[in-house]
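The structure under study is shown below.

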Amino acid sequence: MNLLSVNQLSKSFGDKVLFKNINFGINYGDKVALIAKNGSGKSTLFKILQGIEIPDNGDVTFRKELRISFLGQEPNLDDNQTIEQAIYAGDSEMVKTAIDYGHLVESHYANPTEKTENQLDILTNRMNDLEAWNVETQITLVCANLGLNDLKQQVKTLSGGQKKRLALAQVILNEPDLLIMDEPTNHLDVTVIEWLEEYLRSYKKSILLVTHDRYFLDEVCDRIIEIDNHALYEYKGKFDYYMEKKAERLMMEASELEKAKNLYKRELEWVRKQPRARTTKSKSRVDAFYDIEAKARKKSIEKKIELSVKVERIGSKIIEVHHLKKAFGDKKILESFSYTFIKGEKIGIVGPNGIGKSTFINMLQGIEQPDSGKVTVGDTIVFGYYSQKGIQVAGDKRVIEVVKDIAEFIPLANGTTLSASALLTRFNFPPEVQYGHVSKLSGGERRRLYLLTVLVKNPNFLILDEPTNDLDIITLQTLEQFLLDFQGCVLIVSHDRYFLDRLVDHVFAFEGNGIIKDFPGNYSEYRQWKYDTEDEAEKLAKEQKVAEQVIAIPEPAKEVTQSNNPEKRKLSFKEQKELETLETDIDKLEKRKSDIEALLASGLTDADEIQKISSEFNAVAKDLDEKTMRWLELQD
């Protein structure tokens, strides 16, 4: 079943062509990743799908009555709401139906009529269809897995990452037929990314997403579409398959370009020799010549970004950390941490958001002071700090001015120098972009410019705080190779598992309460070790903690008149139904429990059979206790 069709779509901004006459479709159950270089039109395409931007030509067709949810890079939220109110104010049909049902139940009990009775029957069926009876629990579980535990917190007090998670909770609870997401893993910590990955992998409907996270892409998507040189290409497979097939395509295009150039030279010579008056046959050949000319003058494959700046000499003394302590009130960030950095090592820093990773790297650079302990930095150390804040320059500044403010000429690793303009060209900023304003750059282009400004200072100790956010996959691959060859030290704070696995020698894992685990290995090895050593009781405790969190429908949805008399309220229609079901279930469970007890007392000798029956007995007993407690609550 086709959900979305994009036909002959084109979009340009002035002389800058983003894409031209592209076509693709999405069917029910498809999970598609969109890949393109920064500035190639990924976000613009998503805005066209949302109806925010208008294409130059072509059309977008959605299936009738299709339910769509969009997750943009910048969440659109009401700062005056709480997290809970924002979720209940979303587009979720399940949540809205549950609220309507609650209102109708209260109205029916206040003034029962045949009309409200019929409406209740309709809404009851709708609640069954949407599986909306446990909507409160579903909201709680989704929010808990996304790290949104205080549902009364005001949206205006949330960090950028928390707002992203709230927007993610809204679109997940909408359960749309087509979920469209732009960089959903940005600003999420690894635990949340892994949960989201698992959720989307089992999602039965359709997904279209932009992501730079290659592990996430492989786990979620089974098809890749790429915008390259204004055209769109499709690949049915995972990331490795895409890389293989793209390389084959580029080789074929390079071969065809070379053939066209050779043919163009021969045909050009023929055209120049022809007299003005031509036969019909020769005119046909001339027309064909212009087609050959267009192919021959097609731009060759763009060069990859070249990162080859000079690295300052690094001495034997790097950084020594002695018994570092840091806390904010009762929250411990570091508790007597010591470490001596050695030349050339590459360390990954991982841990949940807000646990103190950025505070730690700020202390290493002297930006923030510890409560006690000491950081000693070697005399030859030159820091290069790439922060999450990104580049901080006036929007009316030109791109080339940003680099020239640092240096007119930049020394390279091979001993030569490059002008600011030539270096920008190596970083895929063509002349027309170099003399444009920074405000005109896409988010990814701004991050790439920021990376350039960090590297041109010739650091020998790189600190990269979430460097993969907003960078396209092509730039990331180049950055990875540069860091692998980098002779200085590298400290990487990142939630990109693929990026960490390729680069780091060992991991500083922030585990909370001031504890930092120095693990010898990459991130995936650390996660496996953590999983293998985690106590089973802790896993059960975590699951139980999530399961026990329950929230109520927010105040706007409750219109029950409060009374000063402490009288018992009547059961709602839903609660009455639940009570009747519980009585039936309890009878069945008590009977089954008695049957199992009799079976165990009958003299069984098969060990496997005894273990199986014992497990069932424990499950039945637990279920019986829970239902009995709930029955007592409703009776009271």
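**Entry 1. Positive phi angles**

In which loop does Asn-458 lie? I located Asn-458 in the loop between α15 (443-455) and β17 (461-465). I note at the outset that the model is predicted. I looked up the backbone of Asn-458 and found phi near 55°, a positive value in a residue other than glycine. I then checked the accessibility of Asn-458: the relative value is 8%, and since buried means under 20%, I recorded Asn-458 as buried.

I next turned to Asn-428, which is not a glycine either and has a positive phi of about 65°. Asn-428 belongs to the loop between α13 (420-426) and α14 (431-434).

**Entry 2. Charges over rings**

I looked for charged side chains placed over aromatic rings. Arg-448 has its charged end over the ring of Phe-429, 4.7 Å from the ring centre. I also found Arg-249 over the face of Tyr-233, where the distance to the ring centre is 3.7 Å.

**Entry 3. Aromatic pairs**

How many aromatic pairs does the structure hold? I recorded 20 aromatic pairs. One that I examined joins Phe-337 and Phe-508: the ring centres are 5.5 Å apart and the planes meet at 80°, so I classed the pair as edge-to-face. This pair links distant parts of the chain, with Phe-337 in strand β11 (residues 331-340) and Phe-508 in strand β19 (residues 506-512), 171 residues apart.

Are the two partners buried or exposed? Phe-337 has 9% relative accessibility and therefore counts as buried.

I then examined Tyr-523 and Tyr-526, an aromatic pair with 6.5 Å from centre to centre and 50° between the planes, which is tilted. Both residues lie in helix α18 (residues 523-533); because they are 3 residues apart there, about one helical turn separates them. I noted Tyr-523 and Tyr-526 as buried.

**Entry 4. A cluster of rings**

Which residues do ring pairs link into a cluster? I listed Phe-337, Tyr-339, Phe-341, Phe-360, Phe-383, Phe-461, Phe-508 and Phe-510. I marked Phe-337 and Phe-508 in this list, as they form the edge-to-face pair of the previous entry.

Technical notes
Residues are numbered from 1 along each chain as its sequence is written. This is a predicted model: local features need pLDDT of at least 70, side-chain atom pairs count only at pLDDT 80 or more; totals for chains, interfaces and linings use all residues. Side-chain values use heavy atoms; hydrogens and water are left out. Rings of Phe, Tyr and Trp (its six-membered ring) pair if their centres lie within 6.5 Å; planes under 30 degrees apart count as stacked, over 60 as edge-to-face and the rest as tilted. Helices (H or I, at least four residues) and strands (E, at least two) are DSSP runs, numbered from the N terminus. Buried means under 20% relative accessible area, exposed over 50%, partly exposed in between (1.4 Å probe, protein chains only). A charge sits over a ring if NZ of Lys or CZ of Arg is within 6 Å of the ring centre and within 35 degrees of the ring normal.
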